Amino acid sequence: MSHFDTLETRSPDRRAADLARDLPAQIARALAAPGMAAHLGAVEAAAVADMTALARLPVLRKSDLGGAQKGAAPFGGLTTKPAHAFAHVFQSPGPIYEPGGAEHDWWRMGRFLHACGVGRGDIVQNCFGYHLTPAGMIFESGARAVGAAVLPAGTGQTELQVRAAVDVGSTVYAGTPDYLKIILDKAEEMGERLTITRAAVGGGALFPSLRKEYADRGIQTLQCYATADLGNIAYESPAMEGMIVDEGVIVEIVRPGTGAPVAPGEVGEVVVTTLNPDYPLIRFATGDLSAVLPGMSPCGRTNLRIKGWMGRADQTTKIKGMFVRPEQVAAFVARHPEVTRARVVASREGEMDVMTVRVETPAPDGARYEGSVVEALKMKGRIEVVAPGSLPNDGKVIEDLRSYG
């Protein structure tokens with residue numbers, strides 16, 4: 001199968017050279033946006049030319065967008081052009097507002113649809129929402145990029161979805177993973193046979209059993225990882241070995257609650273820097289957990305691969321009436337160079353909350369950490385010393401074992 005463009009098959013040296021050119025240019029654009037400039041502080045764009053330098057910059061969180069937009073509506077001073085210069089303005093829960101462009105493949109979804117085998121001659125039944133949120137337009141722009149026609153179906157009205165799919169001859173489904181099953185089941189109930197052979201899904205978990213059910217029905221299903229703020233971040237290819245990072249973003253995996261990159265293969269929070277010149281988000285924390293996969297995809301695409309969505313990084317939990325946040329756990333670890341990782345465990349004994357702090361350290365005496373735990377977490381807790389490398393590699397720094405049933 002051909003690739004979308006030559007960017008997908010660049011050598012490591014070519015990638016590094018392109019990063020050294022493109023990253024400083026994007027930092028310069030970000031510094032021209034008042035909101036991003038205020039967030040980044042005193043940064044020299046030319047000095048941010050590799051991943052090590054990028055990792056020194058502050059992380060931008062979704063909550064930062066909401067705060068910035070209250071002071072400078074609608075985009076918080078984070079864009080390089082005014083709101084009226086964009087093709088679309090979208091609203092996500094919060095509310096948080098996102099810009100949208102109509103330029104060629106502005107959301108970079110064409111690369112994923114091409115990997116799905118979508119192109120000229122296809123009709124994409126786009127069942128992502130078109131109302132206020134950008135998902136519908138994100139996939140529509142991708143379909144245009146690969147030359148496919150679009151049936152802008154949106155969500156709901158399943159009988160009409162089936163009728164339209166039959167009448168226009170839809171060949172591709174785009175939407176959340178589970179809604180396709182609803183359409184297929186309704187088609188069987190109506191005695192209709194659909195011509196959909198490929199599904200490009202996102203916005204929810206694609207469980208292996210559901211993928212197999214679609215395959216049994218003659219539909220190849222691949223998934224992408226995208227957000228309203230960033231567009232496409234990563235996507236599956238037919239090799240189905242992890243998700244390949246899109247060529248228009250830079251992905252880091254960091255310790256939850258910090259901006260510090262984790263070791264290769266360790267689970268952490270996905271932080272994304274986009275190369276979109278109109279909306280230059282730098283080190284945007286998605287709140288999602290993932291991990292880097294070693295090596296390259298068998299499909300020939302050479303970019304970094306991640307495992308896909310592995311949970312949420314925001315593990316804030318209330319213990320004894322007090323919120324404990326990942327940032328506090330990170331602050332505790334930072335106080336002790338010999339500590340590699342720590343994990344707060346919330347449990348119950350009788351009718352009382354109990355906080356246990358499991359500390360990966362070669363130091364044998366847990367009592368030495370009692371004062372730091374109180375300072376960082378604002379309450380006393382049990383200390384359990386565990387051997388380095390023994391805590392699970394699941395990205396959790398706070399684990400809640402209490403039953404709420």
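I am working with a predicted model, where local features need pLDDT of at least 70, side-chain atom pairs count only at pLDDT 80 or more, and totals for chains, interfaces and linings use all residues. Residues are numbered from 1 along each chain as its sequence is written, and side-chain values use heavy atoms, with hydrogens and water left out.

**Helix 11.** I took helices (H or I, at least four residues) and strands (E, at least two) as DSSP runs, numbered from the N terminus. In helix 11, residues 370-377, I found S372, V373, A376 and L377 buried (under 20% relative accessible area; exposed is over 50%, partly exposed in between; 1.4 Å probe, protein chains only). Down the helix axis they fall within an arc of 105 degrees (taken from the directions from the axis to the C-beta atoms), so they line one face of helix 11. K378 follows the helix with a positive phi, near 70 degrees.

**Salt bridges.** My rule was a side-chain nitrogen of Lys or Arg within 4 Å of a carboxyl oxygen of Asp or Glu, and the count comes to 41.

I looked up R343 and D394 next, whose side chains meet at 2.9 Å, N to O. R343 lies in strand 18 and D394 in the loop between strand 20 and strand 21, so this pair ties together parts 51 residues apart in sequence. R343 is buried at 3% relative accessibility, while D394 is partly exposed at 24%.

R402 bridges to D353, with the closest N and O atoms 3.0 Å apart. Both residues are buried.
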